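Q: I would like to learn how to read aromatic rings in a protein model. Can we go through it step by step?

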Amino acid sequence: MTLATLATTVATAQSLNYPKAQKDGTVDEYFGVKVADPYRWLENDTSAQTAAWVEAENKVTNAYLQKIPFRARLLKRLTELSNYEKIGAPRKRHGKWYFYKNNGLQNQYVMYVMDQLGGEPRVFLDPNTLSSDGTVALKGIYFSNNGKWAAYSISRSGSDWQEFYVIDLQTGQLTSDHIEWAKFSGAAWQGDGFYYSSYDRPTEGKEFSNVNEGHKIYYHKMGTPQSADVLFYQNPTQPKRFYDVSVNEEETVMYLYEAGAGAGNNLYVRDLTQKDSQFIQMTENMDFQYSPVYDENGKLYLYTNYGAPKGRIMVADIHKPGINDWQELIPEQQNTLSGVDVINHLFILTYNQDASDHAFVYGLDGTLRHEVKLPMVGSVSFTGDEKQPECFYSFTSFTMPGTIYRYDMTKNESKLYTQPNVKFKQQDYVSEQIFFKSKDGTRVPMFITYKKGMKRHGKNPVYLYGYGGFNISLGPSFSATRIPFLEQGGIYAQVNLRGGSEYGEAWHLAGTKMQKQNVFDDFIAAAEYLIRERYTSSDKLAIVGGSNGGLLVGACMTQRPDLFCVAIPQVGVMDMLRYHKFTIGWNWASDYGTSEDSKEMFEYLRGYSPLHNLKPGTKYPATLVTTADHDDRVVPSHSFKFAATLQECNAGPNPVLIRIDTKAGHGGGKPLAKVLEEQADIYSFILYNMIINN
């Protein structure tokens, strides 16, 4: 089916009657400035009033989406394309090989174990058996150093809250050990137990909205109840910080990480070979990142961007671990150091060059051995053990599904290990990278992917995606859910905005706090470039982004409502004046600043806050806001208040809807069935509104 064919099935836009959202008289005062917040009651996510509003909004949204004539066919095609075997890179643990696999349409990946490479795999852990609907997701698995146990963490309904369980590796059976209310935590084994990080049990009914404070580290001894766990570390003077520990495989070195008060972290180290040793502080400036990557004979190898905005490798002595005594091993390069792995006593360093990956092998003495020959422009991740020779890497691009290679580090040779078989013609599609100038003249990269033979006649549908924040880089990646859009002649455009890590810390900082408008200017300039160069036009342009990217979409659609046909702000940060008052919102202040910092910061935030820049009588793009009831990262009230205000302000005929998922969270661990339903809704909404607007 083509867009032209679909157009014949569409007559007129659906008429919509939005639920009436009650207003209250809430007014806040910031530095003498009064700001109304009439939908404050929607912040109470457990009230009957909010539940009734959510039900009414979903009823309108679902009725609209179900009437889109091609939605069912689109869902069928999405399902068909997603139904292929997906296999992860194998990893060796205590003489056995573990890997993840999805047979095709399983809601969650299953972990398998083999006695040797190429051996007969058997199921080790299947998260699909933990719930009837796939909403229990595996978040991490951690093998004990003595080979006896494996702790694994799960999340329920997409929440950030974690529970830990333990498998006896000899019997394959679950032990009685069970941990609740952990959050932002791994399991760091030492002896017959492990360390984990958690918060106090939250107030009933406020598990997914109240501020998270007082992160604590506990030690759990195997075979004992959680009530007997020993408090290992806390810092009551800094309740809004994260604390976590790691222990090396030999259990000779322990690190303590402190984060949440800057763009980076602080690092402490403890020498476990010395009886009654204490942590020694290694760093003091939390605006920078410090990550231990390997240790050997008292030498600590670390990654940092301190004194090197694009990253470097340093060496420290465990007996003199302070940062002033660190020695540079591999200096900062022209490109940004984005990944560090130690495999077989060698470094594999991944550098980000114009938002795509290049990898190099270095010796532990800092000498360059060779560059890894990668298949094409794309993204790579390596898997291996510090002291074992086997090395694998996963590679993906916009047109190449995740493919696993076995890599010989000595010979610099890659051999195909496993390749997925997706039901589309990969050779029919092409990706290219272009560069455009933003409002202030900054050169910004953008990838565009489309079907070969695409004509630049200004009428192609475009799905423009961005993020632009928190030092996160957007590299090339494959998604089967994009293919139907590309098959219809659509163009997928992914722009590398300031605020990310593509060009190091300077690029990140250029999109933070009082520079945040640069991010929106970059995104708007990307849209204008695509129109100017006749890839598309305003009535064929959709903008999409999630979380901080949802903020991006919300800010751009309020600043330039004329520029876009469709806007999809997903789980977005929409209320920039109050974001820090919920769950871990306070942790984003290093990128955003807060309305309490100063009058200047308050005015700057109010100047772009999506919620506060909706204007009555304005024609906004067709908008589908998405959120979920268990999103405790960006609480759904951001989307609730934005949608209610948008429906009140919108003057044009375009639909402005909100899709509120149930038993789902910020996105991580979402079962495939829910992903496919959501993508069918989003893409059909985009295509439908592009058709009826033409």
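A: Start with burial. Buried means under 20% relative accessible area, exposed means over 50%, and partly exposed lies in between (1.4 Å probe, protein chains only). Phenylalanine 398 has a relative accessible area of 7%, so this residue is buried. Tyrosine 492 counts as buried too, at 3% relative accessibility. This is a predicted model: local features need pLDDT of at least 70, side-chain atom pairs count only at pLDDT 80 or more, and totals for chains, interfaces and linings use all residues. Residues are numbered from 1 along each chain as its sequence is written, and side-chain values use heavy atoms, with hydrogens and water left out.

Q: What describes a pair of aromatic rings?

A: The distance of the centres and the angle of the planes. Rings of Phe, Tyr and Trp (its six-membered ring) pair if their centres lie within 6.5 Å; planes under 30 degrees apart are stacked, over 60 edge-to-face, and the rest tilted.

Q: How many aromatic pairs does this rule give?

A: The count is 53. Take phenylalanine 164 and phenylalanine 194: their ring centres are 5.9 Å apart and their planes at 45 degrees, so the pair is tilted. Both phenylalanine 164 and phenylalanine 194 are buried. Now take phenylalanine 398 and tyrosine 492: the centres are 6.0 Å apart and the planes at 55 degrees, so this pair is tilted.

Q: Which residues form one aromatic cluster?

A: Tyr142, Trp149, Phe164, Trp189, Phe194, Tyr196 and Tyr218.

Q: Where does the charged end of arginine 443 sit?

A: A charge sits over a ring if NZ of Lys or CZ of Arg is within 6 Å of the ring centre and within 35 degrees of the ring normal. Arginine 443 has its charged end over the ring of phenylalanine 435, 3.7 Å from the centre.
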